[in-house]
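Work through the exercises below with the sequence and the 3D structure at hand. Try each task before reading its solution.

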Amino acid sequence: MFVEEIIRYASPFTFAKAIELAGTVAFAISGVRLAAAKEFDWFGAFVVGFVTAIGGGTVRDLLLDVTPFWMLNPVYALCSLAGLATVIIFSRKLVRLDTPFFIFDTIGLALFVVVGIEKTIYLGYPFWVAIIMGTITGILGGILRDIFIHEIPLVFRKEVYALACVLGGFVYWGCHLAGFSAVVCETVASLAILVARVLAVKYRWGLPRMKRI
């Protein structure tokens with residue numbers, strides 16, 4: 001049964017499914033990496049990685065009144081295990097450096113925003129809802145990850161994070177209105193989020209901070 005469910009997921013294996021799986025692994029690695037830096041045990045690190053990978057999509061699906069995606073197939077748990085194994089094997093390079101975390105977190109962010117947008121559109125919701133759901137899909141897992149490791153969520157304290165998701169959503173919408181294929185919309189929107197995040201970090205872009213009252 002376990003193997004049959006995975007085979008059913010992979011047939012047919014589409015570009016959208018590849019994006020979803022890549023995003024799941026990338027977010028799981030970002031979660032496990034931070035858990036490892038806090039010296040969690042393997043099980044704790046897996047939990048953090050799994051929550052990072054499925055948290056945003058779970059909230060999205062609950063809001064859209066559908067069964068959370070990871071409950072329909074075990075492949076997402078396996079992707080989280082792959083993230084755990086990757087950090088264990090390459091621990092010296094991944095745990096001590098900030099660059100790998102930024103790379104995997106940004107990749108996961110970009111891919112999951114696209115997944116959230118497409119699923120919302122598929123269910124018949126308008127684009128403005130899709131952009132919100134795409135943003136939720138991208139940022140909620142990271143928020144839960146940071147709470148689990150006792151950090152102020154990244155989205156609340158620095159860099160252009162959620163705004164990059166919104167930008168990607170509007171880029172996707174623009175490509176859709178221009179008549180481009182789904183693959184082109186996915187690719188361009190993901191690249192827009194990646195570029196926005198990289199430029200924001202490089203040039204230290206961010207929103208004004210609230211003043212103490």
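This is a predicted model: local features need pLDDT of at least 70, side-chain atom pairs count only at pLDDT 80 or more; totals for chains, interfaces and linings use all residues.

Residues are numbered from 1 along each chain as its sequence is written, and side-chain values use heavy atoms, with hydrogens and water left out.

**Exercise 1.** State how many helices and strands the chain has, and what percentage of its residues count as buried.

Solution. Step 1: take helices (H or I, at least four residues) and strands (E, at least two) as DSSP runs, numbered from the N terminus. The chain then has 10 helices and zero strands. Step 2: apply the cut-offs for burial, where buried means under 20% relative accessible area, exposed over 50%, and partly exposed in between (1.4 Å probe, protein chains only). Of the 213 residues, 47% count as buried.

**Exercise 2.** Classify the crossing of helix 2 and helix 10 (residues 182-202), and sort the contact residues by class.

Solution. Step 2: angles under 35 degrees count as roughly parallel, over 145 as roughly antiparallel, 65 to 115 as roughly perpendicular and the rest as oblique. Helix 2 is therefore roughly parallel to helix 10. Step 3: list the residues in contact (heavy atoms within 4.5 Å). Helix 2 contributes Phe15, Ala16 and Ile19, and helix 10 contributes Val183, Glu186 and Thr187. Step 4: Ala, Val, Leu, Ile, Met, Phe, Trp, Tyr, Cys and Pro count as nonpolar, Asp, Glu, Lys and Arg as charged, and the others, Gly among them, as polar. The contact has four nonpolar, one polar and one charged residues.

**Exercise 3.** Classify the ring pairs Phe27 with Phe112 and Phe170 with Trp173.

Solution. Step 1: rings of Phe, Tyr and Trp (its six-membered ring) pair if their centres lie within 6.5 Å; planes under 30 degrees apart count as stacked, over 60 as edge-to-face and the rest as tilted. The structure holds eight such pairs. Step 2: the rings of Phe27 and Phe112 have centres 5.3 Å apart and planes at 75°, so this pair is edge-to-face. Phe27 lies in helix 2 (residues 15-37) and Phe112 in helix 6 (residues 98-122), 85 residues apart. Both Phe27 and Phe112 are buried. Step 3: the rings of Phe170 and Trp173 have centres 6.0 Å apart and planes at 25°, so this pair is stacked. Both residues lie in helix 9 (residues 162-177), three residues apart. Phe170 is partly exposed at 48%, and Trp173 is partly exposed at 28%.

Terms used. Axes are lines fitted to C-alpha atoms, for helices over the stretch in contact, and angles run from 0 to 180 degrees between N-to-C directions.
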